[in-house]
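This report describes one protein chain for a reader who is new to structural analysis. Please keep the sequence and the model in view while reading.

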Amino acid sequence: IDIIGGNLLEYRGMKVELLLLLAAYVLLVPWWHCHNYFLVHGRASDLLRLVLITSTVGVALWIGFMMWLGSLGTYLGFFMQMLLRAVGIVIVARRSWPVSVAWQGVLGALGVLLIAYLVAP
């Protein structure tokens, strides 16, 4: 962050928050893999329903975490919403197609983030 500078300097003291934010995007990899099955097979309405359900529950969790933990809850709630979205689509997609998610890639990326978190000053 110090090397890049600019507006990133505002995030210098937000190690946990950045970890949660980046980890949330890593968790969306299965989402992007599975959502294509819905589109290719003409089931966009099922995808829409899934988005609405996981988003409604996820936003409720998000608000709850914000009320409980304050600003840290914003990041934890976002993380939980993305986790819910990814797990939800994998479960629903597996009911119709032999979807295989490369969880080792997701775990590897989360591991890299965790290592970066642990070694960052």
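Ser-55 is part of helix 3; helices (H or I, at least four residues) and strands (E, at least two) are taken from DSSP runs and numbered from the N terminus. With a relative accessible area of 18%, Ser-55 counts as buried. The classes are as follows: buried is under 20% relative accessible area, exposed is over 50%, and partly exposed lies in between, for a 1.4 Å probe and protein chains only.

Which residues does Ser-55 touch, not counting residues up to four places away in sequence? They are Gln-81 and Arg-85, where contact requires heavy atoms within 4.5 Å. The side chains of Ser-55 and Arg-85 are also joined by a polar contact of 2.5 Å. A polar contact is a pair of N or O atoms within 3.5 Å; within protein, one must be able to donate a hydrogen and the other to accept it, and residues adjacent in sequence count only if both atoms are side-chain atoms.

## Basis of the model

The model is predicted: local features need pLDDT of at least 70, side-chain atom pairs count only at pLDDT 80 or more, and totals for chains, interfaces and linings use all residues. Residues are numbered from 1 along each chain as its sequence is written, and side-chain values use heavy atoms, with hydrogens and water left out.

## The chain as a whole

The chain has 5 helices and 0 strands, in the order α-α-α-α-α from the N terminus. Along the principal axes, its C-alpha atoms fill a box of roughly 45 × 30 × 25 Å. Of the 121 residues in the chain, 31% are buried.

Contacts between residues at least 6 apart in sequence can be sorted by separation: 67% of them join residues at least 24 apart. The chain exposes about 7,600 Å², of which carbon and sulfur atoms supply 71%; accessible areas come from the Shrake-Rupley method with a 1.4 Å probe, and for residues only the protein chains shown count as cover.

Helix 4 covers residues 71-94. Why does the distance between its end C-alpha atoms agree with the span that its 24 residues should have? At 1.5 Å a residue the helix should span 34 Å, and the end C-alpha atoms are 35 Å apart. The expected span is 1.5 Å times one less than the number of residues. The buried residues of helix 4 include Gln-81 and Arg-85, together with Gly-73, Phe-78 and Ile-89. Among the elements that cover the buried residues of helix 4 are helix 1 (15-27), helix 2 (29-40), helix 3 (44-69) and helix 5 (103-119).

Helix 1 has 13 residues and reaches 18 Å from its first C-alpha to its last, close to the 18 Å expected. Its buried residues are Glu-17, Leu-19, Leu-20, Ala-23, Ala-24, Val-26 and Leu-27. These residues pack against helix 2, helix 4 and helix 5.

## Met-66

Met-66 also belongs to helix 3, and it is partly exposed, with a relative accessible area of 33%. Leaving aside neighbours within four places in sequence, Met-66 is in contact with Gly-73 and Thr-74. The C-alpha atoms of Met-66 and Phe-78, 12 residues apart along the chain, are separated by 9.7 Å.

## Salt bridges

Side chains of opposite charge can pair when their charged atoms come close. A salt bridge is a side-chain nitrogen of Lys or Arg within 4 Å of a carboxyl oxygen of Asp or Glu, and by this rule the count comes to 2. Asp-46 bridges to Arg-43, with the closest N and O atoms 2.6 Å apart, and to Arg-49, with the closest N and O atoms 2.8 Å apart.

Asp-46 and Arg-49 are separated by about one helical turn, because they are 3 residues apart in helix 3. Asp-46 is partly exposed at a relative accessible area of 23%, and Arg-43 is likewise partly exposed at 23%. Arg-49 is partly exposed, with a relative accessible area of 45%.
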